[in-house]
Amino acid sequence: MKCIYCNSETELTSSDIITYAITGAKLTKSFVCKTHNALTNDNYEKKFVGDLDFFRNHLGFSTRDGKPIQYMADISVDGTEMHNVKISTREALYAPKNVVFGFDDDGKKVIMAPMPKIEKISKGQDISTVNISDVTIHKTVSSDSFLGFYAVHSVAKIAYEWYCYVNHIEELIKENSEIVNYILGKSDVCPVDIIIDGNYYTAIDQLSEVGTNAFFQYDDIDGYRYVVFDLWKTISYRVRICKSPDVYSLTQNILFFELYLYHVDGSKSETAFAVYSLDDNKKAAFVTIQPQDMTVELWKVFVSRIEMIMSTMVLSINILKREVDSLHLKLKKYDEEKIDIVQLLGFEENNVVTVIDIITQLFANKDRYDSTKTFNQNLPLMLNLSSDTIGKSLEDKKTFVIYLVGLDKKKELSDYIRKGISMFYEMYENEKRLTKQ
Ligand SMILES: [Zn+2]
């Protein structure tokens, strides 16, 4: 084994092919030397990942030591705008152990904290009270986070390492020198395009899920071999790797792809799909543009795809288990009256409310449960879903929260949630039995 960037045989280290920070499914191989591992990480990936913190938090990723990912966003509190506020969970915002700070429209520092704390630190400066039940968080989806220098270089690195990984390439070969030079900053010829083909997105949308990273390789009629990297079902990057070694495939009207999927919950899967050329004049497989040619109109389409992350929760059994465990602990505290309904619901944290919604529906539909089938086979039947993700409108969520508040008043909330938790744990234990066989 040699370094796939320089052919060094010494100091080879394990490279995260898909940066750990953007995937649940680990993919590593020791085919990058220490120098080049540090180079791609320090020069591109740290910044790329940092720009995606808001989305990483919403997809349920955590830091290496298991803490929620902090991100910067703007918030409106009771009519006051605060910019660049560091947030991890809604709870940290509504019931801060420390102060929350940001900047007002004039760039002046604004601090928000419980009154006793503020009085201690304000030293006679202006204080006003705000109603924190009226808080909204907003995030501008910047195209630079997905199309800028750091993003595009990181994407090229991920695509190249994935290509070497699946094709068992364990050294730097001269065919790949163009993309390697780009990644190492020795060339400005950008090998990364953005797929803007509506037909393509219709296809990938049926095969992938929000938060999943999907990859495939193919040869196009221009004589090049490409890797397509679909990030979280938001944007597909097409990365030129080398001249196509397979001339035969260039003459075919049907292109077959083996799609590799890496999911948020750590699982991996593969599936096949094909693209047919309907006319005899051969065209490139996909319509693409260069990142710098992205228009405002086109970007709007990607923004709406990216925003799906905020309204979607990926329904894997492992993700649900994590959320249900945390809810279970909170419910004990709620029963002991150590916390109230607001804290139980994590200040209406999306995931908390969604999980309660799901598990109570599972309990309500327990007649439809088939213990010989897997969790993922049962879910659509029990919840009337057509996919593995659940998206609810803000209106639905509001109605459900009002319903929960009603149960709280009648002292029926604990029992209601507990039945859902038991139902989920029963399904979880059954899943463990099924997958062992
Ligand atoms: Zn190297």
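Modeller: Strand E8 (residues 192-195) and strand E11 (residues 235-243) pair in the antiparallel sense over three bridges. This is a predicted model, in which local features need pLDDT of at least 70 and side-chain atom pairs count only at pLDDT 80 or more, while totals for chains, interfaces and linings use all residues. Residues are numbered from 1 along each chain as its sequence is written, and side-chain values use heavy atoms, with hydrogens and water left out.

Biologist: Why are E13 and E14 called edge strands?

Modeller: The open sheet has seven strands, in the order E13-E12-E9-E10-E11-E8-E14, with antiparallel pairing. E13 and E14 each pair on one side only.

Biologist: How do you know that the charged end of Arg238 sits over the ring of Tyr226?

Modeller: The charged end of Arg238 is 3.8 Å from the centre of that ring. The term requires NZ of Lys or CZ of Arg within 6 Å of the ring centre and within 35 degrees of the ring normal. Arg240 likewise sits over the ring of Tyr224, 5.4 Å from its centre.

Biologist: Why is the arrangement around the zinc ion called tetrahedral?

Modeller: The donors (N, O and S atoms within 2.8 Å of the metal, or 3.2 Å for Na, K and Ca) are Cys3 (SG), Cys6 (SG), Cys33 (SG) and His36 (ND1), at 2.0 to 2.4 Å. Four donors count as tetrahedral if all angles lie between 85 and 135 degrees. The angles here are 95 to 119°, so the arrangement is tetrahedral.

Biologist: What makes Tyr218 and Phe286 an edge-to-face pair?

Modeller: Rings of Phe, Tyr and Trp (its six-membered ring) pair if their centres lie within 6.5 Å; planes under 30 degrees apart count as stacked, over 60 as edge-to-face and the rest as tilted. The centres of Tyr218 and Phe286 are 5.3 Å apart and the planes stand at 80°, so the pair is edge-to-face.

Note on methods: Tetrahedral: all angles 85-135°; square planar, octahedral: opposite > 155°, others 65-115°. Pairing = 2+ DSSP bridges. Helix = DSSP H or I, 4+ residues; strand = E, 2+ residues; numbered from the N terminus.
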